[in-house]
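Look at the model below.

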Amino acid sequence: MIYFLRHGLDDETYIGGWSDVDLTSTGIEQVKEIVSVISKFPINRIVSSDVKRARTTAEIVGTALNLPIEYSDKFRELDKGLLTGLKVSEANSRYPKYKDSITIDMRYPKGESMMDLYERVNLLLGEIEGWDEVLIVTHRGVINMVYFLTQNRLPDMDKSQFGVTHASLHEYHPKEKKIRKVGI
């Protein structure tokens with residue numbers, strides 16, 4: 001069994017992607033709360049995105065479970081290129097077409113498209129297929145792509161349809177190609 005954990009709440013006045021925005025105090029509390037759920041599952045390894053908000057989340061969980069953490073850029077969120085780390089208001093002003101009219105094939109300037117992320121996660125699922133009892137700390141985009149892939153669907157722009165909320169935990173069965181939300 002593989003478990004995917006979305007990082008806690010970060011400062012959403014900034015564009016996320018590969019930015020170094022960290023968790024807010026609310027995000028830290030969310031992660032502390034989900035630890036009680038995570039501790040009920042057999043986890044012997046933590047692998048985390050190397051993006052700051054995921055790293056902080058993994059450190060809280062790793063400390064609570066007394067497990068070391070491995071970091072990998074493979075579990076990063078969608079690369080939003082030149083928009084990464086900008087204040088949302090600044091990004092909307094400088095790159096207005098990315099505010100409301102982005103499509104799954106549209107790449108962020110010097111970044112990825114949703115389809116790029118979909119393909120990246122598809123390859124990643126093949127790489128982790130033999131993993132067991134692992135917690136992967138990552139981002140909504142990555143977890144959403146797992147849902148799309150297990151349902152044999154192309155991605156769409158509805159970010160909320162799978163309930164990948166901050167600090168939510170999702171149980172993935174690689175052999176059965178099934179995923180479900182199991183906490184927060």
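## Two crossing helices

Helices H4 and H5 pack at an angle of about 75°, and their axes lie 9 Å apart. Axes here are lines fitted to C-alpha atoms, for helices over the stretch in contact, and angles run from 0 to 180 degrees between N-to-C directions. That angle makes H4 roughly perpendicular to H5 (the term covers 65 to 115 degrees).

H4 brings Met114, Leu117, Tyr118, Val121, Asn122 and Leu125 to the contact. H5 brings Gly141, Val142, Met145, Val146, Phe148 and Leu149. Contact means heavy atoms within 4.5 Å. These residues divide into 10 nonpolar, 2 polar and no charged. Ala, Val, Leu, Ile, Met, Phe, Trp, Tyr, Cys and Pro count as nonpolar, Asp, Glu, Lys and Arg as charged, and the others, Gly among them, as polar.

## How the model is read

This is a predicted model: local features need pLDDT of at least 70, side-chain atom pairs count only at pLDDT 80 or more, and totals for chains, interfaces and linings use all residues. Residues are numbered from 1 along each chain as its sequence is written, and side-chain values use heavy atoms, with hydrogens and water left out.

Helices (H or I, at least four residues) and strands (E, at least two) are DSSP runs, numbered from the N terminus.

## An enclosed helix

Buried means under 20% relative accessible area, with a 1.4 Å probe and protein chains only. Among the buried residues are Ile143, Asn144, Tyr147 and Thr150.

What do the buried residues of H5 pack against? They pack against strand S1 (2-6), helix H4 (114-128), strand S4 (134-138), strand S5 (169-173) and strand S6 (178-183). After H5 comes Asn152, with a positive phi near 50°.

## The sheet

Six strands form an open sheet in the order S3-S2-S4-S1-S5-S6, with mixed pairing. Two strands pair if DSSP finds at least two bridges between them. S3 (69-72) and S6 are the edge strands, each pairing on one side only. Neighbouring strands are turned by 25° against each other on average, direction ignored.

S1 and S5 run antiparallel, joined by 4 bridges. Ile2 has Tyr172 of S5 as its bridge partner. S5 and S6 also pair in the antiparallel sense, over 5 bridges. His173 stands opposite Lys178 in S6. The hairpin of S5 and S6 has 4 residues between the strands, and Lys177 in the turn has a positive phi of about 55°.

Note on methods
Buried means under 20% relative accessible area, exposed over 50%, partly exposed in between (1.4 Å probe, protein chains only). Angles under 35 degrees count as roughly parallel, over 145 as roughly antiparallel, 65 to 115 as roughly perpendicular and the rest as oblique.
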